[in-house]
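Open the model in your viewer and keep the selection panel at hand. Each stop below tells you what to select next and what to look for.

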Amino acid sequence: MKKSRSIRELIMNSATQYSDRVFVSARTDGGQMNKTYADLETDIMGFGKALSYKYGSDIRMGIVGENSYQWIVCYYAALYFGWVVVPLDRDLPPKGLAHIIREADIHVLAVGKDCLEKIQEIRADLKNVREFIMINTNERSCEYSYRISLRELVTTGLEEHGPFDLQPIGENDTAVIMFTSGTTGVSKGVMLSQRNLLYNCLGTADMLQYMDQGDHVHLCVLPFHHCLPNMVDILCATYSGGTLCINRGLKELTSDLQEYRPTHLISVPLIAGGLIHKITTALKKSPYTDEERQERISEFFGGRLRLVVTGGAMMPEETVLAYKKAGIALMRGYGITECTACVSMMSPLRNDYNNTTIGTPIWCHQVKIIDGEICVFGESVMGGYYKNPEATAEAFYGEWLRTGDLGSLDAKGDLYIEGRIKNVIILEDGNNVYPEEIEEALLSHADIEECVVFEYTQANRRPVIAAIIRPLDTYHHSIESDGVMKYFSDIIAQINETLPVYKQVIKILLTAREFEKTTTRKVIRSKVCERIMKGGAIV
């Protein structure tokens, strides 16, 4: 493919090279929809021209809504025309959304049909928003007084406006403001440039061998506002001519695997682990040979799945081995919004990775360990936090971005994560305990669905290591019984035998309720601990 110098050129090049190839396939209210790469550029031009004639080139657009083709059109139109775009988490509460919309100075807001009611609730507080655009529907909403839809704008731009002179794009100008998920603190707006996006796309696609794998089909499961699917699903697939199939929701995930038969699945450990656990458990007592089991697992995933990419949390080694045994390449990666998306990634070209590594740093930046902390320098490091110079200054050691994650590099240059600085438990004897390490050991047991390890203060005020455990559903009906508590106490005792004394779990608490998570399925430790400690040992 012709070399791209901006996301605009990347889209142009893909629209030329893959013109008739399906870009997005999805079920809509009107039935199955297929949009080609040529359709994508046409819709971008129509939408972009209509808004540009109305508001000029200085547009700051927010997008809040369900995953869809029109979500991508809005996002790419902003990058194509040189605007600033702010992807918003549609699962945020109304007040949280209003705060970010005001904080980011958004004045054009694209709203998905599932978010119309939520935005209407806070509309009076969004005085800076001059235009509300409906996406994923062609009907005007009288109830919510939405004046126009994306489809109408595309038609207007294509039919009523003539040739349009695109303005040059400053590669280092802010193109995207992504707000962090806020699992450990207040959400901050990460400023990313076209250069950040382009280099991270090229580096990630190279590491995953996207251009050398032929046609590939992604089943899009994670919300597009998050940096991982935004990069690996949308940008990398566009660059390499992939097809994006929109998952209708986690309840339909198994049926969508059968319908779309993806070759690629970008996921998080909870989803990837749940899928492989579901099929391997179903086959455990079957009379099939190992070869027949592999065939059934392949059929479960649609028959063509060859690559699963995960990030966002620790991956139990049991899950890694289960995918490997099934013949599906599981590429673990590590990234943060402040580095655009990916920092490190495993490559399909290698088969010598340690089962606990999070891959090799991608070529567009360097990684080094400073005082135990993973630090990054290079082309995909953010320009800073929006309107927050103090937080920006705290995020850097000179030119090196501080990730807040503890880790190490081995002799091969592979990266390992050992916990978050803010999660570290410092015991009275000076020993540091990283909860993730113990959680990985606990999650290796088949009867433990979720767990959070934290510091617990006993009645004598001495801190000990404690674990909140959510067992498999089969134990929920009797979770308060002495028998269940003894069973899990015995499991902990066995695991403790494999750990140093200072890392052993002394206190356990059981819960039947699923852990609180962000929209990208990261466990929010603080909320889990707060709920359990308020409610008692069993909640």
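Start in the loop between helix 4 (94-103) and strand 5 (108-112), and select aspartate 105 there. Helices (H or I, at least four residues) and strands (E, at least two) are DSSP runs, numbered from the N terminus. Aspartate 105 has a phi near 60°, a positive value in a residue other than glycine. Most residues other than glycine have a negative phi. Aspartate 105 is partly exposed, at 30% relative accessible area. The classes are buried (under 20% relative accessible area), exposed (over 50%) and partly exposed in between, with a 1.4 Å probe and protein chains only.

Before moving on, note the ground rules. This is a predicted model, in which local features need pLDDT of at least 70 and side-chain atom pairs count only at pLDDT 80 or more, while totals for chains, interfaces and linings use all residues. Residues are numbered from 1 along each chain as its sequence is written, and side-chain values use heavy atoms, with hydrogens and water left out.

**Another positive phi**

Go to lysine 387, in the loop between strand 19 (384-385) and helix 13 (389-394). Its phi is positive, about 55°, although lysine 387 is not a glycine. Lysine 387 is partly exposed, with a relative accessible area of 47%.

**The second largest pocket**

Next, select Glu66, Asn67, Ser68, Lys113 and Asn136. Of the 43 residues lining the second largest pocket, these lie nearest its centre. The volume of this pocket is about 1,100 Å³. Pockets and cavities are found on a 1 Å grid over the protein atoms alone: a cavity is a set of points where a 1.4 Å probe fits but cannot get out, a pocket is an open set with protein on both sides within 12 Å along at least five of seven lines, and lining residues have an atom within 4 Å of a point. Grid points are joined across faces, edges and corners, and a volume is the space filled by probe spheres set on the points.

Now colour strand 1 (22-28), strand 2 (31-36), helix 3 (69-81) and helix 6 (150-159). Each supplies at least two residues of the pocket's lining. Which element gives the largest share? Strand 2 does, with four residues. By class, the lining has 14 nonpolar, 15 polar and 14 charged residues. Ala, Val, Leu, Ile, Met, Phe, Trp, Tyr, Cys and Pro count as nonpolar, Asp, Glu, Lys and Arg as charged, and the others, Gly among them, as polar.

**The cavity**

Select Gly65, Asn67, Leu88, Arg90, Pro223, Phe224 and His225, which line the largest cavity. Its volume is about 30 Å³. The structure holds one cavity of 30 Å³ or more. The lining divides into three nonpolar, three polar and one charged residues.

**Helix 6**

Return to helix 6 and pick Leu150, Leu153, Val154 and Gly157, which are buried. They fall within an arc of 100° seen down the axis, so they line one face of the helix. The arc is that of the directions from the helix axis to the C-beta atoms. These buried residues pack against helix 2 (37-55), helix 3, strand 6 (131-135) and strand 7 (148-149). Contact means heavy atoms within 4.5 Å.

**Helix 12**

Jump to helix 12 (residues 317-325), where Thr319, Val320 and Tyr323 are buried. Their arc around the axis is only 105°, which puts them on the same side of helix 12. Their cover includes helix 10 (269-283), strand 13 (307-310) and strand 14 (329-335). Turn to the other side of helix 12, and Lys324 and Lys325 are exposed. Glycine 327 follows helix 12, with a positive phi near 80°.

**Buried single residues**

Select leucine 192 in strand 9 (residues 189-193). Leucine 192 is buried, at 0% relative accessible area. Beyond four places in sequence, leucine 192 touches Asp173, Thr174, Ala175, Val176, Met178, Thr337, Thr340 and Met382.

Finish at threonine 204, in helix 7 (residues 194-207). Threonine 204 is buried, with a relative accessibility of 0%. Its side chain reaches the backbone oxygen of asparagine 200 at 2.8 Å. Leaving aside neighbours within four places in sequence, threonine 204 is in contact with Met231, Val232, Cys236, Cys342 and Ile362.

Conventions
A polar contact is a pair of N or O atoms within 3.5 Å; within protein, one must be able to donate a hydrogen and the other to accept it, and residues adjacent in sequence count only if both atoms are side-chain atoms.
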